[in-house]
Amino acid sequence: MAAWVKGGATDADTAIGAAVSLLAKARAPVIAGLSADVAAIRAAYDLAGRIGASIDTAGAVGTYAELGALSRVGAMTSTPAEAVGRADAVLVVGAAPWHTPLLKRLTGAKPTRGRAAGADRTLLALGAGSEGSKAALSCPSAGGLAEAVAELRAYAKGHLAGDTPQAELVARISAAQYGVLLYDPAELGELGVEMLQGFAMELNETTRCFTLAVAGPDQDRAVVPVAAWLTGQAPRSGFGRRVPEHDPWRFDVARQVAAGEVDAVIWLATLPVDRPEWLASVPSVALVAEAEASLADVVIAVGRPGRDLGGVLWNEQRAALTYWPASAPTDLPSAASVLGALTERLAEGRVASRSEPAC
């Protein structure tokens, strides 16, 4: 197993020992990233509960944009399979969805089910920038993406009128047999997601229209259900008082690091996600598949689910958790086993410290 401590190559046992020493001294640790398979996510929650850590995820910005809107207005959602099979009109909101595999599936075929079966599929764009040239009709979002969605709602409700691209876009999506509003929640933001859900609900008064969020490279869509069944709450939770406390602001790891509230971080990313800038400013342990010596104070290379070893991951195509077998098995350890070893070693150390004389 490849491992480094302070940039120097070492063996697995030494690296785990260094990680244990770092975490044992911490009074306010955080386990962040959680771009991993379900077994590793569960192990991270177990460790957090044992050491009083808080939890945050790599895709929390998008996750809470969706959860915040859902808690206030609800959601009208579809699935990738339904969108590919039924949609005759797709409104792509923002630039990010244009670079997803789902959009390639939508542009590569006609609907095959429902009333729109066999019809041509129309692509519409809102705030897509240069990508808008790929759509049959494109509208800019000069004032912001959320504001542009609000403007569409105003046209749909008759509060705005005129011969404008926005009015034409609303007319086309309103005339669809099965419309889909495709968006990236991190790009659109909480207010924008709420506006888009309201727009979909209003369109459903006269036609069928649904929203569909595209997932980022993180595994937040796996973390959300795991967090729910383990704690009854969403991912940003803390275990400092030995019970899970959910607070999206308080347990935002970037905010905590900036405020000097964190003294140790475990960065868990067995699937590739961007390394946050704040990671370099706090003592850290990294459990990653794409390992580099400079990534953290202690770096341990672990297997990538679906490549080095099997694991349950979020399947974007099926919109569900599914098992991915190893495509090229290696002897790298799983992140869950390393987290389990950390939990066990930390527990042993605390038992030993309680057995020592008080003075």
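Where is the place of Leu 34?

## A strand residue with a positive phi

Leu 34 has its place in strand E3. Before going further, please keep in mind that this is a predicted model. Leu 34 is buried, with a relative accessible area of 0%. Its backbone deserves a look too: Leu 34 has a positive phi of about 55 degrees, although it is not a glycine. Most residues other than glycine have a negative phi.

Arg 242 is another non-glycine residue with a positive phi, here of about 70 degrees. You will find Arg 242 in the loop between strand E10 (237-238) and strand E11 (245-246).

## The largest nonpolar core

The largest nonpolar core has 42 residues, and those with the most contacts inside it are Ile 31, Leu 268, Leu 339 and Leu 342. Several elements each supply at least two residues of this core: helices H1 (12-24), H2 (38-51), H9 (220-231) and H11 (335-355), together with strands E3 (29-35), E12 (264-269), E13 (284-288) and E14 (298-301). Helix H2 gives the most to this core, with 9 residues.

Leaving aside its neighbours within four places in sequence, Leu 268 is in contact with Ala 32, Gly 33, Leu 34, Ser 35, Ala 36, Ala 40, Ala 44, Leu 287, Ala 335 and Leu 339. Apart from this core lies another, of 28 residues, among them Val 93, Leu 124, Leu 169 and Val 170.

## A parallel sheet

Now to the sheet. In it, 5 strands form an open sheet in the order E7-E6-E5-E8-E9, with parallel pairing. Strands E7 (137-139) and E9 (209-213) stand at the edges, and each has a single partner strand, so one side of each is left without a neighbour in the sheet. From one strand to the next, the twist averages 20 degrees.

For a specific pair to look up, take Ala 125, whose bridge partner in E7 is Ser 138.

Helix H6 lies across E5 and E6, running at about 120 degrees to E6. What is the distance between the end C-alpha atoms of H6? They are 17 Å apart, which agrees with the 16 Å that the 12 residues of H6 (residues 145-156) should span at 1.5 Å a residue.

The buried residues of H6 are Leu 145, Ala 146, Ala 148, Val 149, Leu 152, Ala 154 and Tyr 155. These buried residues pack against strand E5 (89-93), strand E6 (122-126), helix H7 (165-174) and helix H8 (185-203). Just after H6, Gly 158 takes a positive phi of about 85 degrees.

Glu 202 lies in helix H8. Glu 202 is buried, with a relative accessible area of 18%. Leaving aside its neighbours within four places in sequence, Glu 202 is in contact with Arg 153 and Lys 157.

## Salt bridges

How many salt bridges are there? The count comes to 19. One of them joins the side chains of Glu 82 and Arg 113, at 2.8 Å from N to O. This pair links distant parts of the chain, 31 residues apart: Glu 82 is in helix H4 (residues 80-86), while Arg 113 is in the loop between helix H5 (101-107) and E6. Glu 82 counts as partly exposed, at 26% relative accessibility, and Arg 113 is partly exposed too, with a relative accessible area of 33%.

Lys 134 forms a salt bridge with Glu 131, and their closest N and O atoms are 2.7 Å apart. Is Glu 131 buried or exposed? Glu 131 is buried, with a relative accessible area of 13%, whereas Lys 134 counts as exposed at 51%. Arg 307 forms a salt bridge with Asp 308, where the closest N and O atoms are 3.0 Å apart. Arg 307 counts as partly exposed at 28% relative accessibility, and Asp 308 counts as buried at 6%. Finally, salt bridges that share partners join Asp 56, Arg 236 and Asp 252 into one network.

Definitions and conventions. Residues are numbered from 1 along each chain as its sequence is written. This is a predicted model: local features need pLDDT of at least 70, side-chain atom pairs count only at pLDDT 80 or more; totals for chains, interfaces and linings use all residues. Side-chain values use heavy atoms; hydrogens and water are left out. A nonpolar core is a set of buried Ala, Val, Leu, Ile, Met, Phe, Trp, Tyr and Cys residues joined through side-chain atoms within 4.5 Å. Buried means under 20% relative accessible area, exposed over 50%, partly exposed in between (1.4 Å probe, protein chains only). Helices (H or I, at least four residues) and strands (E, at least two) are DSSP runs, numbered from the N terminus. Contact means heavy atoms within 4.5 Å. The expected span of a helix is 1.5 Å times one less than its number of residues. Two strands pair if DSSP finds at least two bridges between them. Axes are lines fitted to C-alpha atoms, for helices over the stretch in contact, and angles run from 0 to 180 degrees between N-to-C directions. A salt bridge is a side-chain nitrogen of Lys or Arg within 4 Å of a carboxyl oxygen of Asp or Glu.
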